[in-house]
Amino acid sequence: MVADKGKKMKVAEKAEDDNNQIDEALVLSIEKLQEIQDELEKINEEASDKVLEVEQKYNEIRKPVYDKRNDIIKSIPDFWLTAFLSHPVLHTLLNEEDQKIFKYISSLEVEDFKDVKSGYSITFNFQPNPYFEDTKLTKTFTFLDEGTTEITATPIKWKEGMGMPNGVTHEKKGNKRPFVDDGFFSWFSSTVQKEAMEDYQDEIADVIKEDLWPNPLSYFNTDPDDEFEGDEADEGDKDGDDSEEDDDEQDDDDEDDEEDGDADN
């Protein structure tokens with residue numbers, strides 16, 4: 001009996017030793033895995049820095065080409081007005097008064113900060129016009145270290161009698177700036193201060209920067225009527241298909257009623 005008890009104790013001790021070895025092996029594996037992850041993180045950080053360096057380099061290379069493009073655009077009447085009105089999203093931004101003012105735009109520029117990840121600016125250059133004194137309106141988006149975005153805009157100096165209701169400065173407190181119905185200058189004058197919410201997103205600025213600016217010619221060459229009619233046609237086709245399906249279902253119901261009538265006879 002004593003021998004059996006001693007044997008059980010040795011088995012228990014061996015099992016405990018085995019568990020300790022397993023725990024130690026698991027801890028060692030996790031530590032090694034963490035070292036690998038740390039190494040990968042370091043490589044990823046270096047890669048991000050390299051990507052930014054390349055982007056900064058090519059921003060400098062693109063700048064004189066963009067300037068040359070702007071010089072040519074200046075010779076094309078209503079280029080930016082047409083490009084905005086032909087854009088599937090931005091055309092909703094310009095009300096009738098905005099369209100009159102947009103006839104005076106001479107150039108548009110989107111420029112990343114030297115440190116690409118810290119922000120960018122969108123500048124609208126105007127010819128002398130009867131609406132405001134400014135010839136340069138700039139909206140700037142600064143990405144701060146704490147994860148917030150600060151947005152500033154040139155205060156518009158409206159000429160006497162030309163001040164527009166949508167030209168009043170508005171401060172945005174939410175984390176997303178939706179597309180607006182009250183006009184371009186309402187969007188332009190909307191600002192966000194440092195204490196604003198994190199992950200703020202200005203969809204209009206994103207569209208201008210990422211879609212319109214890289215190739216505005218593609219929208220200038222687009223007939224907005226054709227594009228929007230195409231969208232309506234698609235919706236019409238969809239409605240037509242739905243109507244045909246309804247007709248088919250009605251026909252099936254009528255056939256079923258006839259078959260039921262024959263069966264009763």
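**Figure 1. A network of salt bridges links D112, K209 and E210.** In this legend and those that follow, a salt bridge is a side-chain nitrogen of Lys or Arg within 4 Å of a carboxyl oxygen of Asp or Glu. The model is a predicted one, in which local features need pLDDT of at least 70 and side-chain atom pairs count only at pLDDT 80 or more, whereas totals for chains, interfaces and linings use all residues. Residues are numbered from 1 along each chain as its sequence is written, and side-chain values use heavy atoms, with hydrogens and water left out. K209 counts as buried because its relative accessibility is 17%, while D112, at 22%, is partly exposed; buried means under 20% relative accessible area, exposed over 50%, and partly exposed in between (1.4 Å probe, protein chains only).

**Figure 2. K103 and D78 meet in a salt bridge between two loops.** The side chains come together with an N to O distance of 3.2 Å. K103 is in the loop between helix 3 (96-102) and strand 1 (105-112), and D78 is in the loop between helix 1 and helix 2 (79-86), so the pair ties together parts that are 25 residues apart in sequence. Both side chains are partly exposed, K103 with a relative accessible area of 46% and D78 with 28%.

Figure 3. D67 is partly exposed at 30% relative accessible area, as is K63 at 35%. A search of the whole structure finds 6 salt bridges.

**Figure 4. A negative surface patch includes E46 of helix 1.** The patch is formed by E31, E35, D38, E41, E45, E46, D49 and E53. Patches are made of residues with over 30% relative accessible area and no salt bridge, like charges being joined within 9 Å and nonpolar side chains (Val, Leu, Ile, Met, Phe, Trp, Tyr) within 5 Å. E46 lies in helix 1 (residues 2-73) and is partly exposed because its relative accessibility is 45%. The unreviewed UniProt entry annotates residues 26-57 as "coiled-coil region", and such annotations may be inferred rather than shown by experiment. Over residues 26-57 the chain is 100% helix and 0% strand, with its end C-alpha atoms 46 Å apart.

**Figure 5. L33, I36, L40 and I43 make up a nonpolar surface patch.** Together these residues have about 360 Å² of accessible area, a value from the Shrake-Rupley method with a 1.4 Å probe, in which, for residues, only the protein chains shown count as cover. L33 is placed in helix 1 and is exposed, with a relative accessible area of 51%.

**Figure 6. L81 is a buried residue of helix 2.** The relative accessible area of L81 is 7%. The C-alpha atoms of L81 and Q99 are 6.8 Å from each other, although 18 residues separate the two along the chain.

How values were computed. Lys and Arg count as positive and Asp and Glu as negative; His and the chain ends are not counted. The place of a charge is taken as NZ of Lys, CZ of Arg, CG of Asp or CD of Glu. Helices (H or I, at least four residues) and strands (E, at least two) are DSSP runs, numbered from the N terminus.
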